[in-house]
Amino acid sequence: MSQTWDAVVRDVLDQARRAAGGGAPLALALRSANVGPESGTYSESAVSNWIKGRARPPADVVLAAASLYGISLDTRLGVEPAAARSDPEGIDELRGALHRLEALVHERLAPPSEQSLFSTRDVRGVFATRSEAQSAVPVLRTLASAEHVDAMGLSLNALCQTVSDVTLAELVENGLTLRCLFLDPDGKATKARELEEGHPSGHLAKLTRANLLVIQRLRERLTPEAEGRVQVRTYDEPVRFNITNIDGTRSLVQPYLPGVRGLDAPTFLIELDDDEPHGLYPVFERIFTETWERARAFDH
């Protein structure tokens, strides 16, 4: 095979997007060919994620895109098409190429082997501590390459204490959207966590208030348009996870363990994977969304 399947997929979909005039027109063309999700039409961001290799498209998407825009899969898969001939050998060669392509698609769509009893699903990395995770996935680099970040936890130190106000303001002015979900410093859950971690009363509440002021100070230095891209809410529920969701495709998740500071707890890197419809990313995306909807806006 002249290219890997993933490279072929990105190449085909990139050419199809250009031929269609954009991601949205390509999604509509696929829909007209009866190719799309149950909800109707693939989103433009889904097409972009396929091309960038952030997610893998279903095989019918690739085959439909190639067919709609006359893109040859044979050449990319290392199958040199024979010159048009009327003799039986030419037909046999074409049939063989078709069989190879069908076998490749079947391989990509085949369910996991029954012998494979364990799966990491969409978990891409496991780190012993938050510090180890931040070394591998730096906060500033993550924010600089993102368009939308949802963060929830206790005091959100990673966001508020590792990036300067000036840099954070610049990122937001350039289009970054932030939704910050803090544990209510005046709530029962913060008091319970202080006891669990063995802190003096008010210790975590003070830290959270300081970080809320960081975000408030950030909003005050932004233009009116950019200020709307920074939203803050607080919640008063048992704190179970520190979750940072990035652009709807990647998540850093850290559990809050009994008697262990958040900084010392293991952290998991999870990436959305269309080949894992029952992966973990949708679970933590839902946890953030549902908690956000229950939370209270912080305006002071």
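Are F288 and W292 buried or exposed? In this predicted model, F288 is buried, and W292 is buried as well.

**View 1. The aromatic pair F288 and W292 in helix α14.** The two rings are stacked, with 5.8 Å from centre to centre and 20 degrees between their planes, an angle that falls under the 30 degrees required for that label. Because F288 and W292 lie 4 residues apart in helix α14 (residues 281-294), about one helical turn separates them.

**View 2. The charged end of R179 over the ring of W292.** Besides its pairing with F288, the ring of W292 has the charged end of R179 sitting over it, at 5.1 Å from the ring centre.

**View 3. The aromatic pair Y42 and W50.** The count of aromatic pairs in the model comes to 3. In the pair formed by Y42 and W50, the ring centres are 4.8 Å apart and the planes stand at 75 degrees, so the arrangement is edge-to-face, the label given to angles over 60 degrees. Both Y42 and W50 are buried.

**View 4. The crossing of helices α10 and α12.** The axes of helix α10 (residues 165-173) and helix α12 (residues 203-220) come within 10 Å of each other and cross at roughly 55 degrees, which makes α10 oblique to α12. The crossing in which α10 passes α12 is right-handed. Where the two helices meet, α10 contributes D165, L168 and A169, while α12 contributes V214, R217 and L218.

Notes: Residues numbered from 1 in each chain as written. Predicted model: local features only at pLDDT ≥ 70, side-chain atom pairs only at ≥ 80, totals over all residues. Heavy atoms only, no water. Phe/Tyr/Trp six-rings, centres within 6.5 Å; stacked < 30°, edge-to-face > 60°. Buried < 20%, exposed > 50% of the residue type's maximum accessible area, 1.4 Å probe, protein only. Lys NZ or Arg CZ within 6 Å of the ring centre and 35° of its normal. Axes fitted to C-alpha atoms, helices over the stretch in contact; angles between N-to-C directions. Parallel < 35°, antiparallel > 145°, perpendicular 65-115°, else oblique. Left-handed = near helix turned anticlockwise from the far one by under 90°. Contact = heavy atoms within 4.5 Å.
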